[in-house]
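Visitor: I have a new model open and would like to go through it with you. Could you show it first?

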Amino acid sequence: MLYLALMTLIFFTSSLEREVDRTVDEYLSQLDLDSTRYVVVVANRELQGAAVLHWVEAGKDLAVFFFDRELFLQLSKQERRVLIAHEVGHLAPRCQWGGSRIFRELCADRISSQLVPGEDVAAMLAKSILMFPYYPAREEFMFRLAMLQEQRRISEEIEPTTDGSAEPPAQDAWTECA
Ligand SMILES: [Zn+2]
């Protein structure tokens with residue numbers, strides 16, 4: 001019985017990792033970032049949430065995506081897709097600009113709403129407000145949700161026409177998302 005439980009756990013674990021890996025691959029492709037070489041880590045860590053480390057080495061884009069396993073097991077598949085879309089969104093050239101972390105978060109939210117339905121991004125941010133009910137995480141998620149809703153409302157008027165051809169500076173730092 002214990003063996004069966006263990007095998008089930010191992011199967012689910014590996015299927016979760018496969019799901020995440022496939023989804024990262026899918027979104028990188030949709031953003032024309034196929035050339036990015038990356039590693040996905042799904043593991044338990046003190047800090048709940050997700051993070052991405054991105055840097056450029058010898059002209060190649062390299063990335064490490066981290067996703068908290070316990071958090072992922074609490075989410076639906078669609079919610080996981082929203083989180084993955086957000087992390088991949090951080091690699092979009094336009095999201096590499098800006099010194100302040102919060103602007104990079106807003107940018108990744110916006111990119112993610114091109115990969116998954118905008119209402120799913122809004123729903124995940126609303127859920128995050130409840131999941132992380134402490135300062136400053138809660139306030140940050142509230143701000144991101146408000147900005148996303150405002151951007152969706154006026155997106156047709158203000159959508160920039162940037163083609164992402166500008167050379168972004170390498171971001172040699174973890175982007176923590178929660
Ligand atoms: Zn983020």
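Guide: The questions below concern the fold, the core, the helices and some backbone geometry.

Visitor: Before anything else, what kind of model is this?

Guide: This is a predicted model.

Visitor: What does the secondary structure come to?

Guide: The protein has six helices and four strands. Read from the N terminus, the order of elements is α-β-β-β-α-α-α-α-α-β.

Visitor: And how many of the residues count as buried?

Guide: The protein has 178 residues, of which 25% count as buried.

Visitor: What share of the contacts joins residues at least 24 apart?

Guide: That share is 63%, taken among contacts between residues at least 6 apart in sequence.

Visitor: Let us turn to the largest nonpolar core. Which residues touch the most other members?

Guide: Phe 67, Ile 84 and Ala 85 do, in a core of 24 residues. At least two residues of this core come from each of α1, β2 (50–57), β3 (60–68), α3, α5 and α6 (137–158). The helix that gives the most is α3, with five residues.

Visitor: Which residues does Ile 84 touch?

Guide: Leaving aside residues up to four places away in sequence, Ile 84 touches Val 20, Thr 23, Val 24 and Tyr 27.

Visitor: Is α3 mostly covered or mostly open?

Guide: Helix α3 is mostly covered, since 10 of its 13 residues are buried. Among the buried residues are Arg 80, Arg 81, His 86 and Glu 87, and also Val 82, Leu 83, Ile 84 and Ala 85. From first C-alpha to last, α3 reaches 18 Å, close to the 18 Å expected at 1.5 Å a residue.

Visitor: At what angle do α3 and α5 pack?

Guide: Helix α3 (residues 77–89) and helix α5 (residues 118–131) pack at about 95°, and their axes are 10 Å apart. Angles of 65 to 115 degrees count as roughly perpendicular, so α3 is roughly perpendicular to α5.

Visitor: Which residues meet there?

Guide: On the α3 side they are Gln 78, Glu 79, Val 82 and Leu 83, and on the α5 side Asp 120, Val 121 and Met 124. By class, this contact of α3 with α5 has four nonpolar, one polar and two charged residues.

Visitor: A change of topic: which residues of α4 are buried?

Guide: They are Glu 105, Ala 108, Asp 109, Arg 110, Ile 111, Ser 112, Ser 113 and Leu 115. Helix α4 (residues 101–115) has 15 residues and reaches 21 Å from its first C-alpha to its last, close to the 21 Å expected at 1.5 Å a residue.

Visitor: How far apart are Gln 30 and Gln 114?

Guide: They are 9.3 Å apart in space, C-alpha to C-alpha, and 84 residues apart in sequence. Gln 30 is found in helix α1 (residues 2–30). Gln 30 is partly exposed because 14 other C-beta atoms lie within 10 Å.

Visitor: Now the backbone. Which peptide bond is cis, with omega near 0°?

Guide: The bond from Tyr 135 to Pro 136 is. Pro 136 is found in the loop between α5 and α6.

Visitor: What is phi of Asp 32?

Guide: Phi of Asp 32 is near 60°, a positive value in a residue other than glycine. Asp 32 is found in the loop between α1 and β1 (37–43), and Asp 32 counts as exposed because it has 10 C-beta neighbours inside 10 Å.

Visitor: And where is Ala 58?

Guide: Ala 58 is in the loop between β2 and β3. Its phi is positive, about 50°, although Ala 58 is not a glycine. With 5 C-beta neighbours inside 10 Å, Ala 58 counts as exposed.

Notes: Residues are numbered from 1 along each chain as its sequence is written. This is a predicted model: local features need pLDDT of at least 70, side-chain atom pairs count only at pLDDT 80 or more; totals for chains, interfaces and linings use all residues. The expected span of a helix is 1.5 Å times one less than its number of residues. A residue is buried if 20 or more other C-beta atoms lie within 10 Å of its own, exposed if 12 or fewer, and partly exposed in between; C-beta atoms are placed from the backbone. Axes are lines fitted to C-alpha atoms, for helices over the stretch in contact, and angles run from 0 to 180 degrees between N-to-C directions. Angles under 35 degrees count as roughly parallel, over 145 as roughly antiparallel, 65 to 115 as roughly perpendicular and the rest as oblique. Two residues are in contact if their C-beta atoms, placed from the backbone, lie within 7 Å. Ala, Val, Leu, Ile, Met, Phe, Trp, Tyr, Cys and Pro count as nonpolar, Asp, Glu, Lys and Arg as charged, and the others, Gly among them, as polar. A nonpolar core is a set of buried Ala, Val, Leu, Ile, Met, Phe, Trp, Tyr and Cys residues joined through C-beta atoms within 7 Å.
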